[in-house]
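Subject: Structure for you to look at

Hello,

Here is the structure I said I would pass on. My notes on it follow below the display.

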Protein chains: 2
Amino acid sequence: MAVKSTAPPPLTPAVFHILLALSQGERHGYGIMKQVEADSRGAVAMGPGTLYGSIKRMIEAGLIQECDKRVDPEMDDERRIYYELTPAGSAALAVELQRYRDVVAVAQIRIVYGH
Amino acid sequence: MAVKSTAPPPLTPAVFHILLALSQGERHGYGIMKQVEADSRGAVAMGPGTLYGSIKRMIEAGLIQECDKRVDPEMDDERRIYYELTPAGSAALAVELQRYRDVVAVAQIRIVYGH
DNA sequence: TGACATATATCCGTAACGGATATACTGTTT
DNA sequence: AAACAGTATATCCGTTACGGATATATGTCA
């Protein structure tokens, strides 16, 4: 769906959830998956196809980037690749979140005051 | 994206916005388009391809149905086809709305208390 | 040692999106 | 009266996104 006058690449739900997960701090792929599940109380289950496909697109779009940071080198799994939000990613998340708030507010008014 | 343990057909943003528009009352295609735009403060622009494609799928899924109701026969355009929510559509909207609220709440906590 | 969770990643069929296009009526402007 | 913009429905089809299946390999626990 086209989104007017906001962030250039309109956010899909998968992209939005990944951004939200990374707003919690840097994560590796599997960690993002788990964070998305936690953030949605288990409602959203993201498969590996969606996850890694979205990550690739998001890096190309400049929303996220790989980061070198290794929290604990001793405990670390060498295979892990950590990702973090870019400023553009943070901005896109903020815009999308505001859209979510607006939609919830509109729906709330509709329910309370009965269309 | 898969959505666990809720409504059988996981809602795409287009489907969600159409359901929300119809929660306002019965609408014809073009009316849905305008309502979606209004509900999102002009942020979401749904093209005819997405609109009529989604309507077709939603009727098949039992989320909406055509209704005979003609508000004002004198003022009416014969071409108009009106749609309304089915009970299943209302239920799916309610579930999806709760997911939106949850996501907004999670994000809000993250912002206020800083991850 | 078998099973399960963690972890990354690709492949590819299916579904959804969305612009372009077509048609036609209505209402307003010049 | 002609021209234009807006309303209204609808299809076509290229592009994108989704997401299950699959592959591989390590860590962990009973």
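Predicted model: local features only at pLDDT ≥ 70, side-chain atom pairs only at ≥ 80, totals over all residues.

Across the interface of chain A and chain B, 11 residue pairs are in polar contact, with both partners at pLDDT 80 or more.

The extent of the interface

The contact draws 34 residues from chain A and 34 residues from chain B. Together the two chains bury about 3,300 Å², and 61% of that area is on carbon and sulfur atoms.

How the two copies are related

Salt bridges

Over all chains the count is six salt bridges. Four salt bridges are found across the interface of chain A and chain B. Side chains of opposite charge can pair when their charged atoms come close. The pairs are as follows.

- A:Asp39 and B:Arg110 meet through their side chains in a salt bridge, at 2.7 Å from N to O. This pair crosses between chains, from helix α2 of chain A to helix α4 (residues 87-113) of chain B. A:Asp39 and B:Arg110 are both buried.
- B:Asp39 forms a salt bridge with A:Arg110, and their closest N and O atoms are 2.7 Å apart. Here the crossing runs from B:Asp39 in helix α2 of chain B to A:Arg110 in helix α4 of chain A. Again, B:Asp39 and A:Arg110 are both buried.
- B:Arg41 forms a salt bridge with A:Asp102, with the closest N and O atoms 3.5 Å apart. That pair goes from the loop between α2 and β3 (44-45) of chain B, where B:Arg41 sits, to A:Asp102 in helix α4 of chain A. B:Arg41 counts as exposed because its relative accessibility is 68%, over the 50% cut-off. A:Asp102 counts as buried because its relative accessibility is 13%, under the 20% cut-off.
- A:Arg41 and B:Asp102 meet in a salt bridge between their side chains, at 3.5 Å from N to O.

Arg41 in both chains

A:Arg41 is found in the loop between α2 and β3 of chain A, and it is exposed, with a relative accessible area of 67%. In chain B, α2(B) is followed by B:Arg41, where phi is also positive and near 55 degrees. B:Arg41 lies in the loop between α2 and β3 of chain B.

Two helices of chain B

How much of helix α1 of chain B is buried? Nine of the 10 residues of helix α1 (residues 13-22) of chain B are buried, so this helix is largely enclosed by the rest of the structure. Among the buried residues of α1(B) are B:Val15, B:Phe16, B:His17, B:Ile18 and B:Leu19. In helix α2 (residues 29-39) of chain B, the buried residues are B:Gly29, B:Gly31, B:Ile32, B:Met33, B:Gln35, B:Val36 and B:Asp39. B:Asp39 in that list is the partner of A:Arg110 in the salt bridge given above.

Chain A as a whole

Chain A has four helices and five strands. Read from the N terminus, its elements run β-α-β-α-β-α-β-β-α. Buried residues make up 44% of the 115 residues in chain A. Of the contacts in chain A with a separation of 6 or more, 55% are between residues 24 or more positions apart.

Regards

Note on methods
Residues numbered from 1 in each chain as written. Chains lettered and ligands numbered in written order. Heavy atoms only, no water. Contact = heavy atoms within 4.5 Å. Buried area = accessible area lost by both parts, 1.4 Å probe. Polar contact = N/O pair within 3.5 Å; in protein donor to acceptor, adjacent residues only side chain to side chain. Buried < 20%, exposed > 50% of the residue type's maximum accessible area, 1.4 Å probe, protein only.
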